[in-house]
Amino acid sequence: MKRRIRRSEQEYSIDCCALCKLNENCPDKYGEKITLKSHELTVHYFCLLMSSGVYQRGEENEGISGFLVDDIKQEVSRSYRLKCAVCKKNGASVGCYIKSCRKMVHFPCGKQHQFIFQFTDPFPSYCKDHSPTQSLPVSSCVSEPLSCSVCLDPIEAVLSYSVLKCPACHCSWFHRDCVQNQAHSAAMFFFRCTLCNNKDMFQQEMLRMGIHIPERDAAWELEENAYGELLQVYQHCDANKCLSHSGRTNSSRTGWFQILRCMLCGSRGTHRKCASLNTSETDWACEDCAAAVDATASLPRHTDSPQPAGQRRSRSSKRSLILTPRQSPIVCKRPSLSGSSAKEILQELASQISQHHPSMPVVVSGNKVLEAAMELVKRSDFKPSHALAVRFTSSKHIPSSGNTRHFLSLLVQQLQNTIFEGPDGAKNLTLDAQALREDVYFDVGCLLSLSLIHGGPPLGFFSRALYQQLFNFPRDTPLTVEDMGNTGFTDKVKKIQESRSLEELREAMQSASEYLEVAGCMRPVDSLSDKDTLVEDIVSFHLITRLQLPFQRFCEGLKTLGVFDQVQMFPGAFVSLFCSSPDKLTAETMSALFTVKFSEQEETTGKESAVVTFWRHYLVECEVGRCATSLEDVLIYATSADVVPAIGFSPNPTLSFLNPLDPAGAFPKSQPSSNHLVLPVVPSYQVFKKNMEYAVCQLTVMQAI
């Protein structure tokens, strides 16, 4: 009887985990707390997963994630007889994976006593004496870390249970709790080293060292109504005296009491009746915005967009697509720019960008940059002369000042796979019936012009043949078979061109008869010399005749903001911008790109001159691969651009200096919105390089998370 009483005193409520006997509900530490009321059973998922005597014998929908209820109860009974090596209480279900080791613990006790639990099959656990460890490579020349790369707090530069490092770069050190919190937030798809951005090797090492990586989407993507603000519109009448009997928030679909939002800010509203507007009026600006706009300038009109809403997409027939033109895009009305470079011409065109009107919002979900851009140009209120306000919903680490440049850089990359074909760096237009129906050729041309004027990178992927077809440069240069690219038909045309006898020519024509008939080039040949005219006709059909309508719509799109007209006037100035990859950054060009601004105090000028020397030496080491960062990474850190934009930087990049009280802990600071980089004055190049690498890598990696 006494034995039963003692055991009943040991009983715990159904809210407690049957394995560890704790009532805590902490998914980060112990996994999900799962209760089966019908069986009066509660367990933490990690306690169950790491228990040594239970296995997943059922399907995922049976029991608890495949662990059958009877098996769980048997494990509870088995562990009840085992004493925990930490708390000395019965119920220890987790044992060290080393067979010769007899240590048994509750899962929470094991975490407190530096047990390592590996969340990979067969889910082994290791006590403090047998747990895996980390070590630095013998040849490693990596300097000791100054802080945790996750929380940025100081860190002890000794690898231990509490301090881990990245196995790829050996530069990123972090607290165990910090990297576990990061793993729980980022989950499997976004969990990676915060400095070198390595994912595969990093995740394998973290699993080996007992870090649990959830197999789900990132936590920020699972928040309820995370992006709900995107669906909210302002719905309130802000007139001094509201005339609506139904209240200020009431809005009819049409008529006097439909609420109109300010067309400039969108954060104020009024009923038509309350603002003395006609029922046909749709444009209204609030007092604040109207006061900010020049009194002599008219409010924005829908005619500023490339095409009225009623003509945006005509799909009634192919004939309507051809015969219904869009409204003329905004074009440059400035005097001739003869003798100017492409950069200067684009800068002049950029003066059309309005600073007095609200920016055009662009919301990018995930990596769907192209989709967001296409949605932008299809909007009825799209105005290419307005600035862009880009926001990435899937990243919280890209500075808002760098969103537009990052967006345009990704956009140019993705546009190459739309209406173009051919190898990288030598793309031609392709014929796509669906793209023609949906007028994608116009949209792509419009987006390319938009990118050039709004600060995007040089294009650099047009083939010389495509550039010649568009802008007739160089003049009077005939197109050749090589200009057709590596299409499936090119080899057949080459056989026709390389025929050495009339019989070979006829055989080559017969093998390509289907295409020749479509092209209108199937004809009798009487001599071998006829092949030259035949090849010219085939090339002309393939590159010009069959693509007339795509070229027409593409050119119309390129006329946005006057780009096409200026390139057509000065094709020689723009050929490298369209057809050549951007020049590779060098230490010399990077150094020349930044203007150094020394302090006015003479006593600090000497120290700052030494830092300039450090800066130039650092750029050289980046160029030759002796640094963890590249020149492109440094440029991104300072300006949010990985190449010099086609229009150049505005304002020009500058360098200034910071004189910290503690030079060893001073890091550089960047101001991408003004292309400004602040370098700390430090006593040695080693400190300068270490701090510079840390700052640049930190930003580069955080952008990718």
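This is a predicted model: local features need pLDDT of at least 70, side-chain atom pairs count only at pLDDT 80 or more; totals for chains, interfaces and linings use all residues.
1. Let's start with the rings. How many aromatic pairs are there? The count comes to 29. A pair of aromatic rings is described by two things, the distance of the centres and the angle of the planes, so look for both when you click through them.

2. Take Phe-420 and Phe-554 as an example. Their ring centres are 5.9 Å apart and their planes sit at 80°, so this pair is edge-to-face; the cut-off for that label is over 60 degrees. Phe-420 belongs to strand β13 (residues 420-421), while Phe-554 belongs to helix α21 (residues 548-558), so the pair ties together parts that are 134 residues apart in sequence.

3. Phe-554 has another partner, Phe-462. This time the centres are 6.3 Å apart and the planes are at 40°, so the pair counts as tilted. Phe-462 sits in the loop between α15 (440-453) and α16 (464-471), and Phe-554 is in helix α21, 92 residues apart, so here again the pair links distant parts of the chain. Phe-462 counts as buried, because its relative accessibility is 1%.

4. Ring pairs link a whole cluster, and its members include Phe-420, Phe-462 and Phe-554, along with Phe-461, Tyr-467, Phe-471, Phe-473, Phe-564, Phe-574 and Phe-578.

5. Arg-176 lies over the face of Tyr-161, at 4.1 Å from the ring centre. In another spot, the charged end of Lys-273 sits over the ring of Trp-256, and the distance to the centre is 4.7 Å.

6. What about disulfides? The structure holds zero of them. Two cysteines to look at are Cys-446, which counts as buried at 1% relative accessibility, and Cys-555, which is buried with a relative accessible area of 15%.

7. Last stop: Thr-639. You'll find Thr-639 in helix α26 (residues 631-639). Thr-639 is buried, with a relative accessible area of 0%. Which residues does Thr-639 contact, leaving aside its neighbours within four places in sequence? They are Arg-405, Phe-649, Pro-672 and Asn-675.

Definitions and conventions: Residues are numbered from 1 along each chain as its sequence is written. Side-chain values use heavy atoms; hydrogens and water are left out. Helices (H or I, at least four residues) and strands (E, at least two) are DSSP runs, numbered from the N terminus. Buried means under 20% relative accessible area, exposed over 50%, partly exposed in between (1.4 Å probe, protein chains only). Contact means heavy atoms within 4.5 Å. A disulfide is a pair of cysteine sulfur atoms within 2.5 Å. Rings of Phe, Tyr and Trp (its six-membered ring) pair if their centres lie within 6.5 Å; planes under 30 degrees apart count as stacked, over 60 as edge-to-face and the rest as tilted. A charge sits over a ring if NZ of Lys or CZ of Arg is within 6 Å of the ring centre and within 35 degrees of the ring normal.
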